[in-house]
Amino acid sequence: MKQKTTFLCSECGYESAKWYGKCPSCGAWNTMEEFKEAKDTHPRGTLARQERRTKNKPLEISAIRTTEELRFHTGISELDRVLGGGAVRGSFVLVGGEPGIGKSTLLLQMCQEMCRQAKVLYVSGEESLRQIRLRADRLHISSPALFVLAETDLEEIIEETGLLQPDVLIVDSIQTIYKSDLTSAPGNTTQIKECAMTLMQYAKRHNVTIFIVGHVNKEGTLAGPKILEHMVDCVLYFEGERQVSFRCLRAAKNRFGSTNEIGVFEMSDCGLIEVPNPSAAMLSGHPMDASGNCIACTMEGSRPILAEIQALVTKTAYGTPRRMAAGIDYNRMVLLLAILEKRVGLYLSSSDTYVNVIGGMRLDEPAIDLPIALAVASSYRDQPLPEGVMAFGEVGLTGELRAVTAASQRIQEAIRLGFSTCIMPKQDIGRIKIPDTFRVIQVNNIAQAIGAAFGVKQ
Ligand code: TYD
Ligand code: MG
């Protein structure tokens, strides 16, 4: 049988029979890599097919017996929340993130509590046993039920796992392990796909929960974990700026829970610390009377989080004005600047505009439109917003303010953190108790919002 050759994009996983210089799906250059399907180990290979014929038969759905979904608690409530209430037995979880962001630290910390409920094997292809021990000591992990293995050959890993029979297997990282029957180097698209496929089959067959670590590299030199997304049950991304200590854990896919939840951590010198109250942490150091900032309230899953948005509007020194957005969508910002120019008369086309979200957070929700616009207006006028003001609302192209979801929760969070005024669209806020000291200002459009915020008539 001739071995089939296809080409896979290492960024997005696009598959094609032809090689392209530029991926037709994601537009990345030089990311198409040759992918050779291994003969026997592939699920479509003869071995796997014979095995399946004897084992799998169609069944009526009602005849399938289920036991209660068993979950291991990780002992880290922020992680449990993102997983949808703990790691499901037999699930296959991918933890992705840039190198050095804290993936190994998170998974090692998770072992501490998991070891009490299950047998855990931590396989590292990156660090020696001594290094793992030193890190564990620093994280105060001292569980006798945690087994560690420094190995990169997948067959060896599978063999040792078979002997030890752990309930949870952690493989750190997928880019360092390899299958010896493939000719390509570890970290190559073919290796990553084949190794992950083998591990996935192992997880399902032996009911072992497997966590794999995948490094995301912007330069594309290591095949990105994107190509694995379709075969795993959960994809968690660990994000954050390396210079800022806050880290955000997000579920990009979850077969056992919502993908809206996030977990917030802070990196300290003895590991990751959970941040149960992200709003307060995000707002610490918030300058009281400086122009160009506005507090936004964004929903991350079921959780409202207050975040500070800063804007700087300066006179442009060159012909074309510069725009820069960090933590928000660039195109959304440009759109809002155009709306402010056309509907409110702020002359921004000859100004450089920079917008930044403090704390390294990334916000992508329509409700942050209004706070961005207010921060820009504040910097443009060089007038700070009054103390205790926060805002949320979607801005339409005609400058109208549109209703957003979970308004009452956002208001409650603002009240809880001691804010005094909320500027928001005209919409129903349900029956919530608003104290006398708190003012809810509902406005129709962006001009009215600016008028309310700065006490001027537009
Ligand atoms: P690590 O978990 O090794 O990252 P990854 O596995 O995602 O590549 O984390 C590495 C970074 O975390 C490193 O730059 C140092 C920092 N760190 C701390 O600040 N405190 C700690 O206790 C630990 C273990 C790491
Ligand atoms: Mg690591």
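Predicted model: local features only at pLDDT ≥ 70, side-chain atom pairs only at ≥ 80, totals over all residues.
Which residues gather in a patch of negative charge on the surface? Point 2 takes this up. The notes below go through the structure feature by feature.

1. **Acidic patch.** Glu155, Glu156, Glu159, Glu160 and Asp181 come together on the surface as a patch of negative charge. Helix α5, residues 154-164, contains Glu156. Its relative accessibility is 34%, so Glu156 counts as partly exposed.

2. Ile64 sits in the loop that runs between α1 (46-55) and β4 (71-72). Ile64 counts as partly exposed because its relative accessibility is 44%, which falls between the 20% and 50% cut-offs.

3. **Leu83.** This residue belongs to helix α2, residues 77-83. Is Leu83 buried or exposed? At 2% relative accessibility, Leu83 is buried. The limit for that label is under 20%. Setting aside neighbours within four places in sequence, the contacts of Leu83 are Arg71, Thr74, Val93, Leu236, Asn254 and Phe256.

4. **Helix α11.** How many of the nine residues of α11 are buried? Seven are, so this helix (residues 446-454) is mostly covered. The buried ones are Ile446, Ala447, Ala449, Ile450, Gly451, Ala453 and Phe454. Their cover includes helices α8 (330-344) and α9 (369-381). Strands contribute as well, among them β20 (394-395), β21 (401-402), β22 (421-425) and β23 (439-443).

5. **Salt bridges overall.** The structure holds 14 salt bridges. Side chains of opposite charge can pair when their charged atoms come close.

6. **Glu113 with Arg116.** These two side chains form a salt bridge, with 3.7 Å from N to O. Both residues lie in helix α3 (residues 103-117). They are three residues apart, about one turn of the helix. Glu113 is partly exposed at 27% relative accessibility. Arg116, at 62%, counts as exposed.

7. **Glu400 with Arg402.** A salt bridge joins this pair, and the closest N and O atoms are 2.6 Å apart. Arg402 has a relative accessible area of 42%, so Arg402 is partly exposed. Glu400 is also partly exposed, at 22% relative accessibility.

8. **Glu413 with Arg416.** Here the closest N and O atoms of the salt bridge are 3.1 Å apart. Helix α10 (residues 407-416) holds both partners, three residues apart, about one turn of the helix. Why does Glu413 count as buried? The reason is its relative accessible area of 8%, which is under the 20% limit.

9. Elsewhere, Glu78, Arg81 and Arg303 are joined into one network by salt bridges that share partners.

Note on methods:
Residues numbered from 1 in each chain as written. Chains lettered and ligands numbered in written order. Heavy atoms only, no water. Patch = residues over 30% accessible without salt bridge, like charges linked within 9 Å, V, L, I, M, F, W, Y side chains within 5 Å. Areas by Shrake-Rupley, 256 points an atom, 1.4 Å probe, with all protein chains shown as cover. Salt bridge = Lys/Arg side-chain N within 4 Å of Asp/Glu carboxyl O. Lys, Arg positive; Asp, Glu negative; His and termini not counted. Charge placed at Lys NZ, Arg CZ, Asp CG, Glu CD. Helix = DSSP H or I, 4+ residues; strand = E, 2+ residues; numbered from the N terminus. Buried < 20%, exposed > 50% of the residue type's maximum accessible area, 1.4 Å probe, protein only. Contact = heavy atoms within 4.5 Å.
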